[in-house]
Amino acid sequence: MYKSRYSELDWLRVLLIFAVFLHHVFMPFNGDGWHIMNSESSKVLDDIMVYFEQVRLHTLFFIAGAGSVLLLHKVSASAFLTTKVHRLFIPLIFAMMIVVPPQNYFENIQEYQNLAQAYSSLMFAFNANHLWFVEFLFIFMLLAVPINVMLGTSSGHALLQVMQRIAVRKHGLLLLGLVVIGIRLCLKSVMRSQDTSLFNLSVSLFFLLFFVAGMCFMKNPKIWQALADNRATNFKWLIASSIAFYAWYYKPDISDYVSLDMRWQLWWLISALVSWTGLLTLVGYASAWCKQTPKWLHVTNELIYPFYIVHQTVIVALAFYIVQWDAGIATKSLSLLCSSLLICVVICLFVIRPFNLTRYLFGLKTAKPKPLQSVAVSEER
C-alpha cells in the first residue's frame, strides 16, 4: 500500500526547517519586537516574512501527520508512542533546561550577572520558547494513535472515500481546504490571540487540522497522488490567494466602512487560504519532482531536528553582538546568516552526531556499537 520511502517528505522537511532558520535569522531586522532587535528595521523584509509565516509550519505539521501514518504502519501503537517519548518529549525537556535559557539571558542581559546566574534562575522554568513546535508535535503524535485507529474503521474508510471523490477532481483539493478555513474562522471568532499555547485553540486546533489532513492524505494513495496530479491547478490558486493576501495587506484604511471583527475575519480567511494552497503546491510539486533521497539528504534529514533545537539560541547569542556593529542591515543580516549556519552545522556534526548521549538528548537514534572483528593471525613458518 505504501512506498518504501516518500522522498518528498525528506526534501520538504529539510527545506521548511531551513526556511524557519532563515526566518529567525532575519527577525532582528524586521521591526517585529523579537528577542534581539537591530536599531534599524526593514519594512520590506517584514512584508515578505509575514507572507511565508502562513505556509512553513502548516506544511511541517502536514508532513508530520503523513509520517506518523507511515510509522504506525510499520510498528505497534505502543512502540510508536515509546519512540515519540524518546525522540520528542525527552529532547524537549532537555532543551528547555539547557538550550533555551541563553536566549532569555541575552534578551534581558541587564538582569543577570552572568550566564551561570541565568541558568540558576531559568533552568527549571521550562520555557518552551521556539520549541512550542515540538510541544505541539508531541501532543499531536499522541493523538495520532486514536486518529489512525478511527481512520481504519468502516466510518473512517467511508470518510476517506468521500475525500477521495472530492480530491481527484481538478479543484477538489481546494474544496477540502474550505473545511479547514471554515473551522479557522469559527475558532478565531472566539479566540483571536496568536499566542502559541496549546490552550489557545484557534492556533493549536488549526495546526492539528493540518496534521490530521496529512494523516488522511497518506492513508489514501489516490488522495496523495492527486497532490501531484493537480499541482499546476493548485499553484494557480496559490498565486490568486497570494495576490489577495497582499491586496488586503496593503489596503487603504476602510475602518469607517468595515467593522474591526469583519476585517480580522477577512484577514484570517485570506491567510488560511494561502496556508492551504501553499501546502498543496509544495507537497504536489515535491511529490512529482523529488523521487530520490540522495546520501547527503539522508544525513541532513537526520540532523535537521537537532539543528532546529539549537538554531534559535545560536542566532540570539550572535545577534546580540552583531546588531551592535556600525554597519547596514544587509551586512549584519548576511553575517548573522553565515555565522549562525556554520555554528549550527558544526554543533550538529561534531558535538551531537558522534556521541550516543548527545544523540539521545537531541532526539536522534543511538548508534549501535560495531561488533568486534576477529583477526586471523597466521603463523610464520
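Before I start, a word on burial: a residue is called buried under 20% relative accessible area, exposed over 50%, and partly exposed in between, using a 1.4 Å probe and protein chains only. What you see above is a predicted model, in which local features need pLDDT of at least 70 and side-chain atom pairs count only at pLDDT 80 or more, while totals for chains, interfaces and linings use all residues. Residues are numbered from 1 along each chain as its sequence is written, and side-chain values use heavy atoms, with hydrogens and water left out.

Let me turn to the salt bridges, meaning a side-chain nitrogen of Lys or Arg within 4 Å of a carboxyl oxygen of Asp or Glu; the structure holds 7 of them. Asp 10, which is buried at 4% relative accessible area, pairs with Arg 5, where the closest N and O atoms are 2.7 Å apart, and Arg 5 is partly exposed at 39%. Asp 10 also forms a salt bridge with Arg 13, with 3.5 Å between the closest N and O atoms. These two residues lie 3 residues apart in helix 1 (residues 7-26), so about one helical turn separates Asp 10 and Arg 13, helices being DSSP runs of H or I with at least four residues, numbered from the N terminus.

Another salt bridge joins Glu 302 and Arg 353, again with the closest N and O atoms 3.5 Å apart. This pair links distant parts of the chain, since Glu 302 sits in helix 14 (residues 295-322) and Arg 353 in the loop between helix 15 and helix 16 (356-361), 51 residues apart.

Finally, Val 351 belongs to helix 15 (residues 329-352) and is partly exposed, at 44% relative accessibility.
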